[in-house]
Amino acid sequence: MNAPAFTPGSLVRARGREWIVLPAPGEPFLRLRPLSGSEEDVQILDPRLEPDGVDSARFAPPSGEVPGTQADALLLRDALLLSLRRGAGPFRSAGRIGFEPRAYQLVPLMMALKLDPVRLLIADDVGIGKTIEAGLVAREMMDRGEIDRMAVLCPPHLVDQWVGELDAKFNIAAMAVTSASAGRLERDLPPGERIFDVHPVTVVSLDYVKSARRRDDFLRACPDFVVVDEAHTCASGTKGQHQRYELLSGLAEKATRHLVMLTATPHSGDQEAFARLLGLIHPDFAGLVEAGEAERRGLRERLAVHFVQRRRVDIDAWKDGGSFPKHETHEKTYRLAGEHQRFFEDVLDYCAEVTESAGADDRRRRLAFWGTLALMRCVGSSPAAALRALITRADLDADPADDEILRARVLDGEADDLADDDAEPPAAIEDPRLAGLIAQARTLAAEPKRDPKLKLLLEEVGGLVAKGFNPVVFCRYIATAQAVGEALRGALKDVAVDVVTGELQSGERKERVDALAENEKRLLVATDCLSEGINLQSAFDAVVHYDLSWNPTRHQQREGRVDRFGQPSKVVRSLLIYGENSPVDGAVLNVILRKAETIRKETGVPVPLPDDERRMTEALMQAVLLRRSSQRQMTLDFAAEPAAREIDAVWRDAAEREKRNRTVFAQRQLKPAEVEPEWEKARALLGGPAETRRFVERAFARLRAPLEPAGKGFKTSLSALVPIALRERLADEGFEKTIRVAFEEAAAGNRIRLHRAHPIVGLTAEALLETALDPASDQDDPATLPRAAAWRSAAVAEMTTVLMLRIRHRLETTTRLGGRVVIAEEAALVGFDADGRRLPDERLAEIVEAPAAGDLPEAVRLRRIAGALERLPEWKAALDDVAGARAEALAADHARLRQAADSRQARVGGTVTVEPVLPVDVVGLVVLVPA
C-alpha cells in the first residue's frame with residue numbers, strides 16, 4: 001500500500017497527536033514536528049509502519065467553555081510569539097539569535113546575501129563586533145537551509161571564546177578542536193571516522209591545523225562555510241604564518257566555498273601581505289595593489305561588494321551608533337628615587353657592561369643582549385618580577401632558536417601568539433655581580449609600600465573606585481600581577497580583588513572573572529593573558545596600564561576588552577602609568593606608543609608597527625644601552641636617535657598607505673535607511689527584548705516561581721515551577737533549583753541573560769502554548785491558558801473581535817546547489833468590527849494591550865465569545881487573504897535582500913517562492929466590549 005503524500009507545512013494526526021509536516025529526507029518517510037512542540041521533538045517515521053496510520057488533520061478552533069481574562073490573552077499572545085523559531089523573514093535567523101544586533105552589524109549580512117558564494121573580508125575596527133557580524137551570516141545561512149556545516153579557524157587563545165559566543169549568541173553548538181582536545185576527540189570516534197566528518201560545527205585552532213598532514217585532512221573534510229578570525233596573521237611571509245596562508249589558499253581554491261575573513265588590521269603596512277589576503281577573495285584582487293589606475297578602478301568596484309571596513313566614527317552616522325561609550329584617557333607619572341633609583345641604575349650599568357663584553361660568539365652575544373633586555377623589562381615592571389628573573393637561570397647552551405624565542409618574549413611577540421607568555425624570562429648566569437642585584441631586588445620586593453610606582457597605582461585606583469569605576473589593571477609579568485593584587489587587597493578593604501594570569505587555564509580564567517563580577521565593587525588585576533579571548537565589558541569599565549607594552553597593539557587590545565560593543569557604561573577610562581625618569585619607559589613611550597596614538601588619530605584606525613617592528617625596536621633598545629654605557633645618565637629624549645627616525649619614517653609610510661586604502665576600500669554602499677527597516681520587520685514579527693521580559697515576568701508568576709529582585713537582576717526558584725514536565729525539561733538543559741537572571745545585554749557575572757532565543761524563554765513559551773492547544777489539559781492547571789477571552793475596553797467604540805493567528809509558509813529556494821523547501825512561521829493579529837468588516841492592522845496590538853476597563857459578567861463573556869466563534873467560517877476568506885498577502889510580502893522581502901548589488905553581476909541566490917499553508921491556525925480569540 002502506498003503511503004499518503006503530505007506537503008511540508010500541512011497538519012497530520014499520528015500516534016494520538018497533531019504534527020506539522022517538515023521537509024523530509026525522501027519518500028516514503030515523513031519528518032514531523034509536534035504542533036505545539038519544539039525542534040528537539042522532531043520525529044522521522046514511515047507511515048506504512050504506523051498501526052493507526054497517518055491522516056490529515058485540521059487545527060482546532062478555540063473553545064469558549066473556560067473564558068479567560070486580559071492577562072490570559074496577553075500571556076497566550078506572547079507565548080505564541082516567543083515560541084516561533086522558524087521566522088518568516090525578512091531575516092530567517094531572527095528567532096534564534098540571543099541578542100539585539102545593531103543595524104550597522106547587519107551590513108555584512110546583507111552583503112553576504114547578495115553573494116554566491118559568500119566571500120567577505122570584514123575589517124571593522126576593534127570592538128565594533130566582527131564576531132557578531134560573522135555569526136549573523138552563519139546563522140542566517142543555516143536557517144535558510146543553504147549550509148548545515150561550518151568551521152571557524154582562529155588563533156589558539158580565541159577558540160574557547162568562539163565556542164562560547166556561537167552557543168550564547170547564535171544557538172550554534174560547536175566543538176573545539178585544538179592540540180589539547182584533538183586526541184581525546186579522535187579516541188571517541190568510530191573506526192574510520194575523522195573529527196571533521198563527525199562534528200558538523202567546529203572551532204579549530206589555526207596552529208593545530210596548519211601543518212601539512214593536518215591541513216590535508218582538514219581540506220578533505222572541510223565544510224563549505226568557513227570563518228577565519230585574525231585573517232591578517234595568515235597572509236605574511238613568516239614561517240608559521242606561511243603555513244597558515246597555505247591552509248587558507250587551499251580553502252579558497254574551491255570556488256563554491258563560502259569564506260568570511262575577519263581582521264581589524266587587514267594590511268598591517270605590508271602591501272604584499274595585503275595583496276595575498278585580497279587574493280583569497282578572488283585571485284584577480286591580488287593584483288589590485290600594483291594595478292594601473294584604469295584596471296584598479298574596475299577591481300575596486302568589484303571588491304566593494306566583498307570588503308567592509310568601518311571605524312568608530314563611521315558607526316556614529318548610524319542611528320544606533322551611540323552604543324559605544326565615551327573613552328577618556330589619562331596619564332600619570334612616578335619618579336624613581338633613593339634605593340629604587342639606585343637599583344634601576346645598577347641594572348642598566350650591568351646590562352650595558354654585559355652587552356659590551358659578550359665576546360665573539362654571535363649566538364651568546366645575542367642571548368646576552370636579549371637576556372639583559374629582558375631583565376630591564378622586569379626591573380621596570382616591579383621588584384618582584386626583577387627578583388624572579390634574577391634567580392631563574394638562563395641556559396646559554398640551549399637550542400640556537402632560543403634567542404629568537406627570548407627576543408619575541410621581550411618585545412611582546414606577535415599579538416595573536418604570545419599573549420599567555422607572562423612568565424618572567426630567565427636572566428641568571430654565572431656572574432658574581434648578580435648576587436648584589438639579587439640582594440637589592442629582594443630587599444625592595446619585601447617592602448612594596450616604598451615602591452613609588454605602586455604608591456601611585458594605589459592612589460589612582462582608589463580614585464577610580466571612588467568615582468564608581470570597576471578597573472582592570474594590566475601587568476606584564478605574573479610576579480608583578482601577584483604583588484599588585486596583594487597590595488590592592490590590603491588598601492581597598494571594601495572592594496573585591498582577584499588576580500588572573502597565564503598560570504590559570506582559560507576555563508579557570510573565565511570562572512574567576514565571572515565570580516568577581518558578582519561583587520558590587522570589583523577590581524581585576526591581570527596579565528596580557530586577558531588582553532584577548534575574554535570580553536570584560538559587562539563587568540569592567542576602566543583599564544590601567546601598570547606596565548607599558550612594547551607592542552602598541554597590546555595597549556589597544558587591553559582597552560578593547562572594555563571599550564567595545566555591549567559596554568553598558570556611558571564612559572570608560574584608561575590610565576597609562578610610566579616612570580618620568582626611566583630611559584626605557586621614555587624610549588617606548590615617545591618613539592612607539594605616542595607615535596601609534598598620533599597615527600591612530602590621523603587615520604581613524606590603529607596602524608600596527610610594520611612587519612620589521614622587532615628589528616626597529618631592537619635598534620631602539622640598543623640605543624638605550626649604548627647611551628647608558630657612554631653617558632651614564634637618565635634621559636627620556638630619544639626622538640633624535642637614528643633608530644627612532646627610522647621607525648618614524650617607516651611607520652609614516654604605512655600610515656599613508658592606510659589612508660589611501662581606506663579611501664579606496666571603505667564600504668559605503670549600504671546606508672542606515674536601507675538596513676534598519678529590515679530588522680524592524682523581523683523584530684515586529686518575532687518579538688524583541690520588551691516582549692521577552694514581559695512574558696518571563698508574567699509566565700513565571702503564573703507558574704508559581706515569580707522573579708524576585710536580586711542585586712542588578714532577579715532570582716527565582718525553579719524547584720517551585722509547575723508543570724513538572726517543564727521543570728524536567730529545564731533541568732535537562734542545566735537549569736534547576738535557584739537561578740539568577742537578567743534581561744540587559746551586558747548581564748555580568750553568573751546571572752543568566754534571558755533573551756527570546758534562550759532555552760528558558762523558549763521552553764516556557766512552548767510549554768504554555770502546548771497546554772493551551774491540548775484539549776486534554778487540566779483546566780485547573782496554572783499552565784493551561786484559555787484560548788478565548790473577553791473584557792470591557794475604553795480603546796474600542798464598538799464590539800471588536802481580534803484573532804491571534806499562526807501562519808505557516810512554504811519557502812522554496814532554488815540555488816546553484818539545487819532546490820530546498822523550508823517552513824517559516826509568523827504570528828499575526830487580525831481584527832473585525834461588529835459588522836464583520838476587517839479592521840486596520842496598525843492599532844490591533846495597541847487595542848489588545850490597552851488596560852481593561854472592567855470585567856464582564858461570566859454569562860456575558862461566554863455569550864460574546866460564542867458569538868465570535870460562530871463567525872469564524874464567515875471570516876475564513878479574509879484570513880486566507882491575510883495569509884496570501886503575507887506570503888507575497890515575504891517573497892518580496894527575500895527577493896530584495898538577495899538582489900545583487902552590482903547589476904552587471906549574475907543574479908545570485910536563485911529564486912524564492914513563498915506559498916501560504918491554508919487554512920491558518922486560529923490560536924486565540926479576544927472580544928472587546930466598549931466600556
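**Terms and their grounds**

Tutor: The structure, which is a predicted model, contains zero disulfides.

Student: Why is cysteine 234 called buried?
Tutor: Its relative accessibility is 1%, and buried means under 20%, so cysteine 234 counts as buried.

Student: What is the relative accessible area of cysteine 378?
Tutor: The value for cysteine 378 is 0%. The limit is under 20%; therefore cysteine 378 is buried.

Student: Why does glutamine 70 count as buried?
Tutor: Glutamine 70 has 14% relative accessibility, and the term applies under 20%, so glutamine 70 is buried. This residue lies in helix α1, residues 70-83. Beyond four places in sequence, glutamine 70 touches Trp791, Val848, Glu849, Ala850, Pro851 and Ala852.

Student: How far is a polar side-chain atom of glutamine 70 from the backbone oxygen of valine 848?
Tutor: The distance is 2.9 Å. The cut-off for a polar contact is 3.5 Å.

Student: How do you know that strands β19 and β20 pair?
Tutor: At least two bridges are needed, and three join β19 (residues 708-710) to β20 (residues 713-717), so the antiparallel strands pair. Alanine 710 stands opposite glycine 713 of β20. The two strands form a hairpin with two residues between them, and glycine 711 in the turn has a positive phi of about 65°.

Student: What makes β20 and β21 a pair?
Tutor: Four bridges link β20 to β21 (residues 738-742) in the antiparallel sense, against a requirement of at least two. In β21, isoleucine 739 is the bridge partner of threonine 716, and valine 741 is that of phenylalanine 714.

Student: Which strands are the edge strands of the sheet?
Tutor: The open sheet has four strands in the order β19-β20-β21-β22, with mixed pairing. β19 and β22 (752-753) are its edge strands, as each pairs on one side only.

Student: What is the average pLDDT of the chain?
Tutor: The average is 83, and 82% of the residues score at least 70. Over residues 632-640, however, pLDDT is below 50, although this stretch has 29 contacts in the model beyond near neighbours in sequence. Residues 900-909 also stay under 50, with 22 contacts beyond four places in sequence.

Technical notes
Residues are numbered from 1 along each chain as its sequence is written. This is a predicted model: local features need pLDDT of at least 70, side-chain atom pairs count only at pLDDT 80 or more; totals for chains, interfaces and linings use all residues. Side-chain values use heavy atoms; hydrogens and water are left out. A disulfide is a pair of cysteine sulfur atoms within 2.5 Å. Buried means under 20% relative accessible area, exposed over 50%, partly exposed in between (1.4 Å probe, protein chains only). pLDDT is the predictor's confidence in each residue, from 0 to 100. Contact means heavy atoms within 4.5 Å. A polar contact is a pair of N or O atoms within 3.5 Å; within protein, one must be able to donate a hydrogen and the other to accept it, and residues adjacent in sequence count only if both atoms are side-chain atoms.
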